[in-house]
Amino acid sequence: MTQHTRAKSDASTPEEFRPSGQIQFGVFFQGVNSGTIWKAPESGSQTDFESFRRIAQTAERGLFAAFFLGEGLRLREHLGRPHALDVVGRPDAQTMLAALASVTTNIGLVATQNTTYNDPADLAHRLASLDLISGGRAAWNIVTTDNAWTGANFRRGGYLDHADRYKHAEAFVETAKRIWDSWDTPDGPGRRVRHEGQHYTVDVAPRLPRSAQYRPVLFQAGDSPEGRNFAARQADVIFSAHPKFDDAVAFRKDLVERSVAAGRGANAVQIMPASEFILARTSAEAAEKKEWVRSLQIGPQQAVAYLEQFWGRQLSAYDPDGPLPEIDPVVEETSETRGSGFHGAKARQLADQWRAEAKDKGLSIRQFVTSKTARIDSTFTGSYTAVADQLAEYARVGAVDGFNISPWLIPTGLDDIVNHLVPELQERGVYPTEYRGATLRDHLGLETPVRTADVAVAAVRT
Ligand SMILES: Cc1cc2nc3c(=O)[nH]c(=O)nc-3n(C[C@H](O)[C@H](O)[C@H](O)COP(=O)(O)O)c2cc1C
């Protein structure tokens with residue numbers, strides 16, 4: 001199935017997992033969320049190229065391997081309208097990354113693109129285009145996208161349940177790889193790729209040559225067993241949701257087992273969890289800064305709006321500094337169609353549980369919502385030196401290969417990391433002191449894919 005991925009281990013001498021001893025950074029610039037603060041006077045706008053340019057160039061100054069854009073194909077809604085407290089709207093990821101390619105030199109450019117609502121020949125061409133014009137710096141963060149509500153924007157409608165989404169994703173990615181592989185076969189510049197599947201057909205001759213890194217690097221984001229197996233078979237890097245040390249070690253173990261079982265060896269897939277860093281000179285200052293960051297992330301309006309998503313009704317009459325509402329949710333108004341991924345069936349049960357929890361801990365609406373929403377599990381808070389020591393330990397045991405960092409403030413949210421944390425990590429010998437090469441594959445230390453012997457297999461059926 002994955003003939004054209006990186007070199008495989010010899011089955012007779014199973015390869016052990018070898019920590020690289022290094023940490024890489026990526027910046028995860030989200031589309032819609034409440035965690036990124038755009039309220040500072042210098043923040044600018046989420047539709048302004050300047051905001052993206054500044055973050056990407058800061059990351060490049062810090063030798064970050066990659067600049068990531070998440071992608072949502074429909075805005076989150078709140079009580080039937082676009083959620084005005086979110087970062088509403090953002091230019092298309094690949095368009096933005098193409099523009100960023102011209103104002104950066106080294107940093108990798110990762111476009112999140114889903115396999116459920118795209119078509120493989122078209123997407124393969126667009127990603128190959130980004131890879132070529134950026135000089136071999138493109139990557140595709142493969143997601144399947146988890147709601148039928150997004151599907152309402154597409155001709156196919158809200159199709160595909162969870163298991164089918166991954167089957168479809170696998171055929172999709174295999175097809176894209178075959179298209180990229182099909183250029184420059186031994187008997188000509190390109191061979192036709194055909195695919196006839198349940199959801200799409202492909203009959204295409206390759207339109208572009210290979211890039212400087214052969215083809216786009218493949219990231220994957222999805223955490224279910226099916227998602228992890230898919231990553232083990234197909235991805236170069238997994239964008240995980242497991243940054244905390246013990247959890248990260250357990251996730252590594254799980255992924256190593258899956259990639260060995262998939263025949264790709266223990267070192268086939270790198271791991272970069274989502275994370276947030278709140279840093280200062282001392283740990284006391286960092287703790288204070290965290291309070292400030294959280295107060296900006298969850299203001300009074302955000303706190304009430306958050307609860308409204310789960311209550312399915314207006315709660316503006318409730319005091320954000322008072323207790324959780326006694327009133328019950330309107331179950332039929334609380335469904336995942338608002339983009340929160342919340343299934344309304346358990347709304348009453350959840351409300352009871354939250355009221356009890358908040359009462360027990362003596363938390364107001366705002367305090368409770370802050371505790372629920374803050375990226376507590378993905379946040380590293382502390383002095384530059386303490387956090388550098390912590391990350392050095394991740395590198396030593398190989399818990400992760402790097403971190404995909406969400407900046408909490410635009411455009412200065414990476415400054416502490418680049419100016420203070422990176423030098424500390426370099427001193428500890430766990431962070432690059434220069435870009436290793438020209439391509440994203442070089443930065444990550446990934447081998448060039450081995451092209452499948454026969455890319456022009458006439459047709460694959462799913
Ligand atoms: C760290 C992470 C980041 C993700 N980013 C996106 C994104 O930007 N756009 C998107 O449509 N889905 C995104 N997803 C969701 C995946 O598309 C997928 O639908 C979801 O995780 C369900 O798959 P799973 O059950 O395998 O986790 C992300 C998932 C994870 C774990």
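**Notebook: ligand site, helices and loops**

I began at the ligand: one of its oxygen atoms is 3.3 Å from a polar backbone atom of Thr144. I count this as a polar contact, a pair of N or O atoms within 3.5 Å; within protein, one must be able to donate a hydrogen and the other to accept it, and residues adjacent in sequence count only if both atoms are side-chain atoms. I looked at Thr145 next. A polar atom of its side chain lies 2.8 Å from a ligand oxygen. Then I took Tyr166. An N or O atom in its side chain is 2.5 Å from an oxygen atom of the ligand. I also looked up the cover: the protein hides 77% of the 610 Å² of accessible area that the ligand has on its own. Such areas come from the Shrake-Rupley method with a 1.4 Å probe; for residues, only the protein chains shown count as cover.

A note on the source. The model is predicted, so I keep in mind that local features need pLDDT of at least 70 and side-chain atom pairs count only at pLDDT 80 or more, while totals for chains, interfaces and linings use all residues. Residues are numbered from 1 along each chain as its sequence is written, and side-chain values use heavy atoms, with hydrogens and water left out.

**The shell**

Which residues come nearest to the ligand? I noted Glu71, His162, Tyr166, Asp223 and Ser224, out of 15 residues around it. Near here means that one heavy atom of the residue lies within 4 Å of the molecule or strand. By class, the shell has 4 nonpolar, 8 polar and 3 charged residues. In this scheme Ala, Val, Leu, Ile, Met, Phe, Trp, Tyr, Cys and Pro are nonpolar, Asp, Glu, Lys and Arg are charged, and the others, Gly among them, are polar.

**Helices**

I moved to helix H3, residues 120–133. Helices (H or I, at least four residues) and strands (E, at least two) are DSSP runs, numbered from the N terminus. The expected span of a helix is 1.5 Å times one less than its number of residues. For the 14 residues of H3 that gives 20 Å, and the end C-alpha atoms are 20 Å apart, which agrees. Which residues of H3 are buried? I listed Pro120, Leu123, Ala124, Leu127, Ala128, Leu130 and Asp131. Seen down the axis of H3, the buried residues fall within an arc of 160°, so they line one face of the helix. The arc is taken from the directions from the helix axis to the C-beta atoms. Buried means under 20% relative accessible area, exposed over 50%, and partly exposed in between (1.4 Å probe, protein chains only).

I checked helix H9 (residues 300–311) as well. Its 12 residues should span 16 Å, and its end C-alpha atoms are 17 Å apart, which agrees. How many residues of H9 are buried? I found 10 of the 12, so H9 is largely enclosed by the rest of the structure. The buried ones include Tyr306, Glu308, Phe310 and Trp311.

In helix H1 (residues 49–61) I picked out Thr58. Thr58 is buried at 11% relative accessibility. A polar atom of the Thr58 side chain lies 2.8 Å from the backbone oxygen of Arg54.

Is Arg355 buried or exposed? Arg355 counts as buried, at 13% relative accessibility. Trp354 is buried at 6%. I also looked up Leu324. Its C-alpha atom is 5.9 Å from that of Arg355, 31 residues apart along the chain. From Trp354, 30 residues apart, the C-alpha separation is 8.0 Å.

**Loops**

I went on to the loop between strand E15 (402–405) and helix H13 (415–427), where Trp408 sits. Trp408 is buried, with a relative accessible area of 5%. A cis peptide bond joins Ile410 and Pro411, with omega about 5°.

Leu160 is not a glycine, yet its phi is about 80°. Leu160 is in the loop between helix H4 (148–151) and helix H5 (162–181), and at 15% relative accessibility it is buried. Tyr214 has a positive phi too, near 80°. Where is Tyr214? I placed it in the loop between strand E10 (201–204) and strand E11 (217–220). Tyr214 is buried, at 10% relative accessible area.
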